[in-house]
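Please view the sequence and the model together while reading the points below.

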Amino acid sequence: MTAAGEPLIRVDAVSVAYPVPGGRIRALVDVSLDIHRGEWLTVIGHNGSGKSTLAKLFNGLVIPGRGTVTVDGLSTADDEQRKRIRQMVGMVFQDPDNQIVATVVEEDVAFGPENLGLPRAEIKQRVADAMHRLEIEDLRLRAPHQLSGGQKMRVAIAGVLAMQPAVLVLDESTAMLDPSGRAEVLQAALALHRDGVTVVAITHFMNEATLADRIIVLAEGRVALEADPRTLFAQPDKLRALELDVPQVTEIAERLRARGMDVGLVPLTVTELADAFVSMAR
Amino acid sequence: MTENIIEVTDLWHWYLRGTPLESVALQGASFRLAAGEMVGVMGHTGSGKSTLVQHFNGLLRPHRGSVRVFGTDLGDRRADPRPLRRRVGLVFQFPEQQLFDPTVGDDIAFGPRKLGLDHAEVRRRVQGAMAAVGLPFDAFKDRYTFGLSGGEMRKVAVAGVLALEPEVLVLDEPTAGLDPRARRDLLTVLRTLHDERGTALVFVSHNMDEVAELVTRVDVLADGKTVLSGSVREVFREADRLRDLGLGVPAATELAAALRERGVDLRGDVLTMDDAVEAMWTSSSSPAA
């Protein structure tokens, strides 16, 4: 039991290195960060900046060479505690085909809870609940390979949710989806977040990053910037120097401002920019 | 008059044909590409985009309908597709699965070596391709392929096909998983290859903004059929239709629609950020309506 206000995940002075010919590549360098209960944290950073290594720390897929990672007070370095952590931290990756194991949707969602050795009734309840929350009940008896990308990803998330995790980690889970699939998955994640699930999202889509309470920018394995979306995206030059960018609407406003037309805020969505432009024009 | 180098008419393709798991992937798709053209292919997941483009170098053969590439009729079982593979370079989805050599430099050099090029030329091409995707040659040539991040692996796979310098470059979701800078750089590289070398381009993407920025013509697939085809402006005018098809419009187009809804008078089609900035600037500097 942790007292309220204690972070759910604490990464403390962590360094991770991988061997390469003639030396080692430092994937993470002295990274410290806290993830709080109920928050939506987004991690951005260029390819190779250490994002996925960071995500793999959270459930002990990577054990740091230096520093510690604790989840709800449990250490990922401890074999026994790690088993509990794996149930608390649900990971969803980029390619749903690599995460779906069963030939029927319902069985796939049940796979995790079955492996926990739970009573039959409990498994049924969890599966029903997870499918309800991801709105995939109508796909219950379908074969996963017949589903769209967005549907498959929702099945994968339901499977993770049936483990009743404290935190859902989405590691570029929208990267391969079409626009409606991406919208489906984001809507589902937002709904879970409203219900109190802690979300850690890794993405290369800057407009998705605007959904976060807080954004962390990794560069060369270090935390380079950390801010809420509006503060962060008000610094386009810093982001571009880190090989990142701002959402398109933010850039449009920035380019208008450079011509002397100031819409009066750093817009993050189409609606914000449209409203600001209209009230400025009046 | 320009001749089409790829011409697909009423193409049908089934997976696991003749088994209980048979499913139809293409049912009447059409496509054409003229020399030096840049064409986008869009469609929801499972619409048949990847199946279609795998016909372009004979990886798949038509089950019904016709596919002609550089004059070769791929419906003819005796036609040898191998010469086409030098002319039509294909970058798959999840291209990191195409990697097999232990080091980055060797992986990218594999194709050019197979073409029988001399050492200096292979090196030139590998360096050029790595620069194109933003992998510094000295820092990356000896790196273990499998120690790379997901995005870096994709860059290596794209570089491997660029190094073949094909006449037609077919890229299936090449920017998925790349960081914003790498996306922008890759689009610049593709535009440069087109402008300077006349490379024709087939760009399969879910990213409406990139399609709007790069290509001149777009085909839209749905359920294995070609359902929309036209200039990029014509296609993105069909916003409702595209949404019904699981797609969307570029952010700039969405913004223009939101502004028009609010009574702002914007001129012309708005597809790119440049278009949006120009249209908004002009609308507000013109006398108030």
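Helices (H or I, at least four residues) and strands (E, at least two) are DSSP runs, numbered from the N terminus. In chain A, helix α3 is followed by Gly117(A), whose phi is positive, near 70 degrees. The structure is a predicted model, in which local features need pLDDT of at least 70, side-chain atom pairs count only at pLDDT 80 or more, and totals for chains, interfaces and linings use all residues; side-chain values use heavy atoms, with hydrogens and water left out. Residues are numbered from 1 along each chain as its sequence is written, while chains are lettered from A and ligands numbered from 1 in the order in which they are written.

**Confidence**

- For the complex, the predictor gives an ipTM of 0.88 and a pTM of 0.90.
- Chain B has an average pLDDT of 91, and 98% of its residues score at least 70; pLDDT is the predictor's confidence in each residue, from 0 to 100.
- Where pLDDT is low, the predicted coordinates should not be read in detail.

**Strands of chain A**

- Strand β1 (residues 9–20) of chain A runs antiparallel to strand β2 (residues 23–35) of chain A, and 9 bridges join them; two strands pair if DSSP finds at least two bridges between them.
- Ile9(A) has Ile35(A) as its bridge partner in β2(A).
- The hairpin of β1(A) and β2(A) has 2 residues between the strands, and Gly22(A) takes a positive phi near 80 degrees there.
- β1(A) is also joined by 5 bridges to strand β4 (residues 66–71) of chain A, again in the antiparallel sense, with Arg10(A) opposite Thr70(A) in β4(A).
- Strand β3 (residues 40–45) of chain A is mostly covered, with 6 of its 6 residues buried; buried means under 20% relative accessible area, exposed over 50%, and partly exposed in between (1.4 Å probe, protein chains only).
- In a regular strand the side chains alternate between the two faces of the sheet.
- Both faces of β3(A) are covered: Trp40(A), Thr42(A) and Ile44(A) are buried on one side, and Leu41(A), Val43(A) and Gly45(A) on the other.
- β3(A) runs parallel to strand β8 (residues 198–202) of chain A, joined by 4 bridges, and Leu41(A) stands opposite Val200(A) in β8(A).
- β3(A) also runs parallel to strand β9 (residues 214–219) of chain A, joined by 5 bridges, and Ile44(A) has Val217(A) as its bridge partner in β9(A).

**Helices of chain A**

- Helix α3 (residues 105–115) of chain A has buried residues at Val105(A), Asp108(A), Val109(A), Ala110(A), Gly112(A) and Pro113(A).
- These buried residues of α3(A) pack against α4 (120–133) and α5 of chain A; contact means heavy atoms within 4.5 Å.
- The axes of helix α5 (residues 149–161) and helix α6 (residues 179–194) of chain A come within 8 Å and cross at roughly 25 degrees.
- That angle makes α5(A) roughly parallel to α6(A).
- Angles under 35 degrees count as roughly parallel, over 145 as roughly antiparallel, 65 to 115 as roughly perpendicular and the rest as oblique; axes are lines fitted to C-alpha atoms, for helices over the stretch in contact, and angles run from 0 to 180 degrees between N-to-C directions.
- Residues of α5(A) including Met153(A), Ile157(A) and Leu161(A) meet residues of α6(A), among them Val185(A) and Leu192(A).

**The open sheet of chain B**

- In chain B, 4 strands form an open sheet in the order β2-β1-β4-β5, with antiparallel pairing.
- β2 (23–34) and β5 (72–73) of chain B stand at the edges, each with a single partner strand, so one side of each has no neighbour in the sheet.
- Strand β1 (residues 4–15) of chain B pairs with strand β4 (residues 64–69) of chain B over 5 bridges, and Val8(B) has Val67(B) as its bridge partner in β4(B).

**Two buried residues of chain B**

- Leu11(B) lies in strand β1 of chain B and counts as buried, at 0% relative accessibility.
- Leu11(B) and Gly28(B) are 17 residues apart along the chain, and their C-alpha atoms are separated by 4.8 Å.
- Asp101(B) lies in the loop between β6 (88–91) and α3 (104–114) of chain B and counts as buried, at 16% relative accessibility.
- Leaving aside neighbours within four places in sequence, Asp101(B) is in contact with Asp106(B), Asp107(B), Phe110(B), Thr145(B) and Phe146(B).
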